[in-house]
Amino acid sequence: MPLPTETASPFDIIVRALQWSVYCLVGLLSCGILFVQLQGLLSDYNPLKIFDVREEEPQVPCYFIFGDSLADNGNNNYRLTLAKSNYPPYGVDFPEGPTGRFTNDRLIVDIIAQLLGFEDFIPPFANLTGKDVLKGVDYASAASGILNETGTHLGDIISMNEQLENHLTTVSKIVRVLKDESAAKEYLGKCIYTIITGNDDYINNYFMPSYYNSSKVYSPRQFADVLAKQFSKQLETLYSYGARKVAIFGIGLIGEVPEMIARFGANSTAVEAAAGLLNKKLLPLIDNLNSQLTGAKFTYINTSGISITINATADHLDSTDPCCRMVPGEGTCVPGSIPCANRTEYAFYDGFHTTDVVNVIVAGRAYRKELSIDASPYDIYDLTQLK
């Protein structure tokens, strides 16, 4: 019944008010009956589930990230280095625009953070403030590697050893916030740690003889031994700082990225073969650490294996050409250039780094393995469930 809009006498107003009271009473009774009927149907209904939005707390209290450009979310932005991506067209699909992420949207570690249930992305160490430390920190630095010298021809980067030093600073802050060292140790033992490194020890070290002498001093097998020995020490250091649940990503198919093919042509397979020697050492190394270090739950994420099966199943992706126009010889996007419009159809955003669509697949299979070869002995979800 429409509300009266015409001029009415006081008597008319009283009559119509009584009529509205009756309508309202009947309506309330009807709504009450309907509510009782619907209450049972809606008792298990959660609208958040329609959109797969997590309403629970994160599966772990914090998430710490180490690595190279595949995990760097802004730590290199204000350093004197060429290894940075805080300019368009990077971040073209990311809500905040260019942030230092070497992709069009999210990094693998960003997606893992979402899968773990974190509402916000993990902040870079460079931007850390206050109690942010309690939810985790991203220490990764583009062009960095296991060896201190890796990537230094590009300027001031943060090596794996320096990232560990930064983490020790964070651990000290957490001890101060929690006001108890044993409580901090217990807290850190529940967190997830991921490490994506080693790629640049080949791309920006061993296969750059004009800048580094490693390929003149070591055979590929010897170099893999050097890296494995150093990396084992670094993992032990991380363990000594309280880390227990650590996912180590193997080196990807670096011989098949556009920039390495452009540099080496058919010889790019040698790059992949050399990196594969280190990959073969990682799982035994991890198994050894798990047996030697009390409570250690380290695991290997088979990046190259996942990539091979992506290539086999996602054949609609263009894995030859990058989405953006590259700076010749550098493999990064030309600043201010216009990227491809159909970014969901490209595997690579620039000459080295994958698009969001590929990152979603890799992160998803690292979190919950699709094939037995994806992760060993645990996937990241398994780590969240371990005590």
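Which residues have the most contacts inside the largest nonpolar core? They are Y63, F64 and Y202, and this core has 86 residues. The model is predicted, so some care is built in: local features need pLDDT of at least 70, side-chain atom pairs count only at pLDDT 80 or more, and totals for chains, interfaces and linings use all residues. Residues are numbered from 1 along each chain as its sequence is written, and side-chain values use heavy atoms, with hydrogens and water left out.

## The nonpolar cores

Let's start with the words. A nonpolar core is a set of buried Ala, Val, Leu, Ile, Met, Phe, Trp, Tyr and Cys residues joined through side-chain atoms within 4.5 Å. Buried means under 20% relative accessible area, exposed means over 50%, and partly exposed is in between (1.4 Å probe, protein chains only).

In the core of 86 residues, the largest share, nine residues, comes from helix α10 (residues 268-292). Helices here are DSSP runs of H or I with at least four residues, strands are runs of E with at least two, and both are numbered from the N terminus. Another core lies apart from this one; it has 13 residues, including Y90, I157, C323 and Y346.

What does F64 touch, leaving aside its neighbours within four places in sequence? Its contacts (heavy atoms within 4.5 Å) are V133, G136, V137, Y139, H167, T170, I174, L188, C191, I192, Y193 and T194.

I380 is buried, with a relative accessible area of 0%. Not counting residues up to four places away in sequence, I380 touches I112, L116, I192, T194, A247, A366 and Y367. I112 and I380 are 268 residues apart along the chain, yet their C-alpha atoms are separated by 8.7 Å.

## Rings that pair

How many aromatic pairs does the structure hold? There are 16 of them. Rings of Phe, Tyr and Trp (its six-membered ring) pair if their centres lie within 6.5 Å; planes under 30 degrees apart count as stacked, over 60 as edge-to-face and the rest as tilted.

Take F207 and F264: their ring centres are 6.0 Å apart and their planes stand at 80°, so this pair is edge-to-face. F207 sits in the loop between α6 and α7 (214-217) and F264 in helix α9 (residues 258-264), so the pair ties together parts that are 57 residues apart in sequence. F207 is buried at 18% relative accessible area, while F264 is partly exposed at 25%.

Y218 and F223 make a tilted pair, with 6.3 Å from centre to centre and 40° between the planes. Y218 counts as partly exposed at 33% relative accessibility, whereas F223 is buried at 0%. Ring pairs link Y202, Y206, F207, Y218, F223 and F264 into a cluster.

## Pockets and cavities

Rolling a probe the size of a water molecule over the atoms shows where empty space is left. On a 1 Å grid over the protein atoms alone, a cavity is a set of points where a 1.4 Å probe fits but cannot get out; a pocket is an open set with protein on both sides within 12 Å along at least five of seven lines, and lining residues have an atom within 4 Å of a point. Grid points are joined across faces, edges and corners, and a volume is the space filled by probe spheres set on the points.

| Space | Volume |
|---|---|
| Largest pocket | about 950 Å³ |
| Second largest pocket | about 330 Å³ |
| Largest cavity | about 60 Å³ |
| Second largest cavity | about 30 Å³ |

The largest pocket is lined by 46 residues, and those closest to its centre are L70, V257, F348, F352 and H353. By class, this lining has 25 nonpolar, 15 polar and six charged residues. Here Ala, Val, Leu, Ile, Met, Phe, Trp, Tyr, Cys and Pro count as nonpolar, Asp, Glu, Lys and Arg as charged, and the others, Gly among them, as polar.

The second largest pocket has seven nonpolar, one polar and seven charged lining residues.

The largest cavity is lined by S69, L70, F102, T103, L107, I108, H353, T354 and N359. Around the second largest cavity stand I146, T197, F231, I248, F249, I251, L278 and L282, a lining of seven nonpolar, one polar and no charged residues.
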